[in-house]
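Biologist: Could you show me the model and talk me through it slowly?

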Amino acid sequence: MIKRTLVACPLQRFAYKYRMKRPLCLVCKQRFCAVNYHRDEQVHYRGRCEHCIKKNQRIKPPIARWQTAGYKKKPACDRCSFRSKYASQLLVYHVDGNQHNTGLRNLKTICLNCVEEIKRMDRPWTPGELEPDL
Ligand SMILES: [Zn+2]
Ligand SMILES: [Zn+2]
C-alpha cells in the first residue's frame with residue numbers, strides 16, 4: 001500500500017501544487033507573495049508578502065532614466081523659478097517629449113504647476129529656447 005498525504009482543502013491543494021511558481025515579494029525578496037485570488041485552478045499572487053503589505057512597505061520605483069544619465073533634479077523650477085519645499089513638487093521634463101532622450105540638453109526641472117500648463121500648450125518648449133544645463 002502506498003501512503004498518500006491527503007490534503008483535504010482544495011485551496012491548500014492548489015497552494016501545494018503551485019508552490020514552486022510562487023513569486024518572491026518585490027519589497028523584501030525574502031518571503032513569498034501573498035495570495036490575491038484563485039481562479040480556474042490558478043493562484044494569483046500579489047506583488048508583496050503579507051508582512052510587507054501589513055507594514056505598508058512600498059515597492060521601490062525603478063530608478064528614472066534621467067537619474068541613470070547623471071541628471072540631478074534642481075531645487076527650483078526651470079520655467080517659473082518656483083522653489084519647492086518637497087522634491088515631489090518638481091518633475092524632470094523631457095523637452096522633446098521622448099522619455100528615452102536623456103541628453104542633458106533635453107532635461108528640465110519643472111514644477112507640477114508648469115506641467116499642467118505645458119500639457120495645454122501646442123508647442124510648449126522647443127529645444128534651443130532655453131539655455132542648456134551643462
Ligand atoms: Zn515582503
Ligand atoms: Zn514652474
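Modeller: What follows is a short chat about a metal site and a core. This is a predicted model, where local features need pLDDT of at least 70, side-chain atom pairs count only at pLDDT 80 or more, and totals for chains, interfaces and linings use all residues. Residues are numbered from 1 along each chain as its sequence is written, chains are lettered from A and ligands numbered from 1 in the order in which they are written, and side-chain values use heavy atoms, with hydrogens and water left out.

Biologist: Which atoms coordinate the zinc ion (ligand 2)?

Modeller: The SG atoms of C77, C80, C111 and C114 do so, at 2.3 Å, where donors are N, O and S atoms within 2.8 Å of the metal (3.2 Å for Na, K and Ca), and sites may look incomplete because water is not among the atoms. Along the chain these donors follow the spacing C-x2-C-x30-C-x2-C.

Biologist: And is C114 buried or exposed?

Modeller: C114 is buried, with a relative accessible area of 2%, whereas C80 is partly exposed at 42%; buried means under 20% relative accessible area, exposed over 50%, and partly exposed in between (1.4 Å probe, protein chains only).

Biologist: New topic: how many residues has the largest nonpolar core?

Modeller: It has 8 residues, among them C77, L90, C111 and C114, and a nonpolar core is a set of buried Ala, Val, Leu, Ile, Met, Phe, Trp, Tyr and Cys residues joined through side-chain atoms within 4.5 Å.

Biologist: Which element gives the most to this core?

Modeller: That is α4, with 3 residues; helices (H or I, at least four residues) and strands (E, at least two) are DSSP runs, numbered from the N terminus.
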